[in-house]
Amino acid sequence: MTLPPADALGPPAPRTHGTAVEHTVWQQDDVDPGAVEQAMIALERERSQRRRGVLPARALNLVVVVDADYTGEIVRRLDAVGRNAPSRTVLVRVHGHRRGLSARVTLSTIHEGTPDEASSELVTLDVAQRHLTRLDSIVDPIVLTDVPTLLWAPHGHVDALESLGTLGQTVLLDTADAADYTAGLDAAQGLIDDHGLSIVDLSWLRATPWRLRLASHYEPPARRGELWSIADVQIRHQPGSETAAWLFLGWLADRLGWTPEHGRTRDASGAEVGLRLSPVDVGVQGLAGATVTSRAGAVFSLDRNRGGLRAGRTDVYAAVGEHTSTERHWTVLGASRGEAGVLGRALRRTLVPDDGYIGALATARRLLSCT
Amino acid sequence: MIHDVQHDENPLGAGLDQLPPPSSVLVIFGGTGNLSKRKLLPALYNLAHDGALPERFGLVGVAMDDLDDEGYRTLVGEAIQKYSRRPCDPLVLETFLSTISFVSGGFEEEDAYQALEPRLAALDDRAGQALNRVFYLSTAPRFFGTIIEQLGAHGLSDRSGADTRVIIEKPFGTTKQEALALNARVLNVLREEQVYRIDHYLGKETVQNLLALRFANGLFEPIWNRNHIQSVQITAGESVGLEGRAGYYDTSGALRDLVQNHLLQLLCNLAMEPPTTFTADDIRTEKVKVLRAITPIDPDRIEEVAVRGRYGPGTVGGEDVLGYLEEPDVPETSTTETFVALRLEVDTWRWAGVPFYIRTGKRISRKLTEIAVTLRPVPHNAFDGTTVEPNQIVFSIQPDEHVSIKLAAKVPGSGMNLRPVTMDFSYGTAFLSASPEAYERLVTDALRGDATLFTRADEVEAQWAVMDPILTAWTRSSASPDDYPAGTSGPKSARRILLPGDRWRAI
């Protein structure tokens, strides 16, 4: 085995008490992928000799392809996911013109005061635009084998995704990033249909707590019947988060068997279901609220609020010559996870695939095509 | 895509992570106690933070303290800030605290239950539905029977339109006779499916993972028997002493405190046959079979299979510490054991002849809970001049959750020298999320009505049936427990119960 140059091994940072992170770094210009792999093995051995309790994390590879000039924003987002970080991140920085490859490997050891310490690895590769169509030959020797690989090209390097398609099983994307929401949803469908890839969509995941709470509200047997008599659904969303709203509607329609036709949506019994989207600026990406009304007049609503989701429920009681209703409001507890939490959830989703997305995406596109 | 569903189904739940539990109110008897402050209330806050509490949720504390709702909210807020596993989100904490109320009263007094009834009814009214009710008995064990009888007497033990459950903390009795009597009192008021006897070890991921590793991997099950396994060692050590719990501990001792419940549960998970399904009753039935197959200990031959010890003065973590008898509030005449070592046998086709060693102690050198399965040595050592150690599979439960397999490997070089190496799987590194606290899992399961990780009546009685002969022998004996210096791995006499060829693992 060829050891990396001695001077390339940076000295480890001193240990501190409590949670602390120790970095060990190697870097080299004009390097080939095999040398990067060898350097990582050498770094790992060097660390295991110093710290026998360190167990290298072996759960997930993340390959991120970014424009070199905009690397910082992506790195900050990844830093914020904390202990949900992938085991090995390969950050591919794309330069317009560049002769060879440069690589930097950072081994991070996380000390949390327990005998066993976790670790993660970041490999930063500087490549030229021309490398993208054969990126698989560069990245393949560097990713961990036998663990899932998630691909993310937040700056739109589709050629890189196509090259890496056989290497990674799942693509992370945000359909809200597209120029318009129809194009975002179409692009996601294209990756599924044309490249056989699974999708982890941040716009879909931003609405996960909403889906859980809506499903939970209709879980009691006494309420389940309402699901089959929904007359109207209003979705409120942050401006720019239309795809989250359409995916949410797509999910509802898919699960409940609604069909769009001639500009209208009908439920399984043929009754029309009104669907409305409206932008509401709440300062947070994703959904801002949802209201579901049954044909009998029962209303359930959820709205973003302090300390959780503000829920509302109106029940209507009709008797001969009399019509009364009760209205209740309460808070469904739950912390806002922020964008870092959504990204963390996306990383975990790679390990536990979500089979609801495909149906929601397809139905959302059908709903859109009818409006 | 139109899914083939019945109109009494909820198709929205498909594909989602587990839905939050049904709308419920949780009543904690002993809501100001140590367990509540350190474990239960932080667990509930963390569930709230994760959006895992029911849609409509109320928490009522019941205790003898002279507090009003506001005073209790302050106490709860402080406990959560101090003991939560994650920093508090002030907005979530504020909203969580707003769900809390308090009833002041003694557990034996009618007044407390009379005051509780309208509180619960008001929560139902506010929610516009009959909320499920879960009563958590986090009190001294002497109140368990009384509280349940009072709940029954006040019409709080059951009702139509919503579920009522009772979670009972440990210890469930201190002998088989007491456990039988308590079960009789409990089941005179409640049905067994309403009763959730808690053993928080069962909420730990590694304990649950034992079943996953055994029954979802073809690698292990073929060797999980007397033909391949030489011995099993279950160790639960603590470096701490009494921590102000002398009153409880001196009447309990290590056997009742840890072996009867936690360590026998670990043994059951390790030794049980595959259940037909992973439902609560099938799993618990298999565990009861293991407990009933444990060879009864003959009190007259107790010295051959059991050792009890008591820590003396010593050094832990570089600090001098007191011996047990010098600890505050421990009677001078105490014969309570702080260390237990046992050799049990599970008399079944699968396990006949395999010793199951159990060891637990306070003030030993480190905090550690693990199960070590030692395989039989290879039948022939072809490597002259070198020792081949048997393989071991170690399930570590505390302080870190991991599994390691000890293998023999060749030391690099020209000679054929062998050395043990380990292959490790750690929960901290193999998944992208931390394990939830055991109490978070268990409280959620009880709110959801899943009793898989709780102990059934016949199970707890079978546990005591294993312990009773040991307690009888020790009560009869005039000998004191064997001394060991604090900060060591226990009394040297623990070696006497080992079968030839076996040795205790280093702690």
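**Notes on the predicted model**

1. Of the 371 residues of chain A, 54% count as buried, where buried means under 20% relative accessible area, exposed over 50% and partly exposed in between, with a 1.4 Å probe and protein chains only. This is a predicted model, in which local features need pLDDT of at least 70 and side-chain atom pairs count only at pLDDT 80 or more, whereas totals for chains, interfaces and linings use all residues. Residues are numbered from 1 along each chain as its sequence is written, chains are lettered from A and ligands numbered from 1 in the order in which they are written, and side-chain values use heavy atoms, with hydrogens and water left out.

2. Chain A has 11 helices and 17 strands, these being DSSP runs numbered from the N terminus (helices H or I, at least four residues; strands E, at least two). The C-alpha trace of chain A spans about 90 × 45 × 35 Å along its principal axes. Among contacts (heavy atoms within 4.5 Å) in chain A between residues at least 6 apart in sequence, 72% join residues at least 24 apart.

3. Chain A exposes about 16,000 Å², of which carbon and sulfur atoms supply 50%; accessible areas come from the Shrake-Rupley method with a 1.4 Å probe, and for residues only the protein chains shown count as cover.

4. Arg211(A) lies in helix α7 of chain A, residues 208-217, and counts as buried because its relative accessibility is 1%. Leaving aside neighbours within four places in sequence, Arg211(A) is in contact with Trp204(A), Phe248(A), Trp251(A) and Asp354(A), and also with Leu16(B). The C-alpha atoms of Arg211(A) and Leu252(A) are separated by 8.8 Å, although the two residues are 41 apart along the chain.

5. Arg185(B), found in helix α6 of chain B (residues 176-189), counts as partly exposed because its relative accessibility is 33%. Its contacts, leaving aside neighbours within four places in sequence, are with Gly145(B), Thr146(B) and Glu149(B). Arg185(B) and Phe144(B) are 41 residues apart in sequence, and their C-alpha atoms are 9.2 Å apart in space.

6. Where in chain B does Glu108(B) lie? Glu108(B) is in the loop between β3 (100-104) and α4 (110-127), and it counts as exposed because its relative accessible area is 54%.
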